[in-house]
Amino acid sequence: MSRAEELKKAAQSLGFDALGITSADIPPHADHLKEWLSLSYQGEMKWMANRPEIRSDPQKYDSIAKTIIVAGITSRQTSSPLPRGRIAAYAQGEDYHEVLRDKLEQLAQKSLAQWGGHYRVCVDSSPLLEKPIAAMAGLGWQGKNTLLIHPQHGPWLMLGSILTDLEISPDSSSPDHCGTCTRCLDACPTQAFPQPYVLDARRCLAYLTIEHPGSIPEEFRPLIGDRLFGCDECLEVCPWNRHAQESRELRFTPIPRTDLSEMLTWDDARFRQEFRHTPIFRLKRGRWLRNICIVLGNIGTIQDLPALQKAAEDSDPLVQEHAQWGIARIGQRNRKTND
Ligand code: B12
Ligand code: SF4
Ligand code: SF4
């Protein structure tokens, strides 16, 4: 069996849904990163603007890397862990960073280390253009929603990579199969795509509910609807979902949560206890409560007013401001229905 075949077999037995191999070259369209940054599309994600020449070129990040192994696990879920409100599929269970890192480390130990190779495991936070690299490794193509579309798992793969100094025969990259489809662009609630294949993160609900640090601009609050964390709209509409199965990864199983007005009463200790080892932990209590206040403003009823009124007196000004907005919006809705 070749090294590439051994890697694929080991990846399958570890529960990965896909694995591809590419040489550690500059990915296609990498030069667009500088243009993207020059338009400030990264918003407050200042770390994205650090040293773009490293992010664009894997060998500038790790000079001994010759090969990149990219693996993915589907995050697709069909049930919701909440009575009200939505959490993006990838964030309903355990933190994918931990899940992918554990499995990639095991994969590297079973194979690359045995073959005498050096390696580095990268999941998400490393300065790599993971989607174009995954496309080079034959996992699929970068779609108009900018995500890696896998022919069987659609846009749902969560990605991680291993950089190694070993030379392993690469897979061939796959062509773009978006064709004339524009479903993801049309479905975006905030029109966050200035053009196909380009995202203005400042308008994206995933950015606003996860990465944006402060007050959410008022124009976007109604558009958040019932999304508490992230957005799956441009994933759900993709026709490449036709063969996509629910995730088999047990650590991605949705963790049931209590209702929104109860979560609004949680102190920091309770927040940390509930969300440790999940992607939501990174938000910290203030931003989580901020998001709940917006969602209650959009879908809540007068029964939610006592919890929102308590939040309006919270010690965190971010929570206070969004709770006041939520109260006002429920009030407006009730006035309209009573008129
Ligand atoms: C920053 C970031 C975000 C930001 C910005 C997203 C973005 N599109 O850049 C925000 C917070 C908005 C975000 C949101 C989400 N994210 Co995110 N994010 C990242 C991160 C850390 C970096 C992405 C990046 O490099 N952006 C910079 C821009 C410039 O890159 P780009 O969008 O790929 O742009 C390229 C194209 O525009 C291309 N280009 C330009 N013109 C053309 C023309 C053609 C024809 C083509 C093909 C390409 C092309 O050139 C650019 C540079 O290469 C990656 C992890 C990583 N290290 O890669 C995860 C990652 C992309 N995110 C991921 C996920 C799951 C999401 C969400 C689905 C989460 C959710 N459900 O809420 C949403 C999806 C929103 C969307 N449609 O992109 C996954 C995607 C997996 C996949 N199958 O693709 C990743 C890979 C994390 C992971 N490890 O799995 N994310
Ligand atoms: S994640 Fe939602 S808001 Fe962001 S680009 Fe996709 S559809 Fe638009
Ligand atoms: S919805 Fe259509 S255009 Fe968007 S990524 Fe999927 S196939 Fe491509």
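These legends walk through several close-up views of a predicted model. Local features need pLDDT of at least 70 and side-chain atom pairs count only at pLDDT 80 or more, while totals for chains, interfaces and linings use all residues. Residues are numbered from 1 along each chain as its sequence is written, chains are lettered from A and ligands numbered from 1 in the order in which they are written, and side-chain values use heavy atoms, with hydrogens and water left out.

**View 1. The open sheet, with its strands in the order E1-E2-E7-E4.** Four strands make up this sheet, and the pairing is antiparallel. Helices (H or I, at least four residues) and strands (E, at least two) are DSSP runs, numbered from the N terminus, and two strands pair if DSSP finds at least two bridges between them. Strand E1 (18–23) and strand E4 (119–122) sit at the edges with a single partner strand each, so one side of each has no neighbour in the sheet. On average, neighbouring strands are turned by 20° against each other, direction ignored; axes here are lines fitted to C-alpha atoms, for helices over the stretch in contact, and angles run from 0 to 180 degrees between N-to-C directions.

**View 2. Strand E7 and its partners E2 and E4.** E7 pairs with E2 over eight bridges and with E4 over four bridges. Look for Gly72 opposite Leu159 in E7, and for Cys122 with its bridge partner Ser161. How many of E7's eight residues are buried? Eight of the eight are, where buried means under 20% relative accessible area and exposed over 50%, with partly exposed in between (1.4 Å probe, protein chains only). Leu157, Leu159, Ser161 and Leu163 point one way from the strand, and Met158, Gly160, Ile162 and Thr164 the other way.

View 3. Contact means heavy atoms within 4.5 Å.

View 4. Just after H1, Gly15 takes a positive phi of about 100°.

**View 5. Helix H15 (residues 317–338) and what covers it.** Buried residues in H15 are Leu318, Val319, His322, Ala323, Trp325, Gly326 and Ile330. They fall within an arc of 160° down the axis, so they line one face of the helix. Their cover includes helix H9 (221–224), helix H13 (284–299) and helix H14 (305–311). Pro317, Arg335 and Asn338, on the other side, are exposed.

**View 6. Pro52 in helix H3 (residues 52–56).** At 15% relative accessibility, Pro52 counts as buried. Leaving aside neighbours within four places in sequence, Pro52 is in contact with Leu33, Lys34 and Leu37. Pro52 and Lys34 are 18 residues apart in sequence, yet 6.8 Å apart in space, C-alpha to C-alpha.

Terms used:
Expected span 1.5 Å × (residues − 1). Arc of directions from axis to C-beta.
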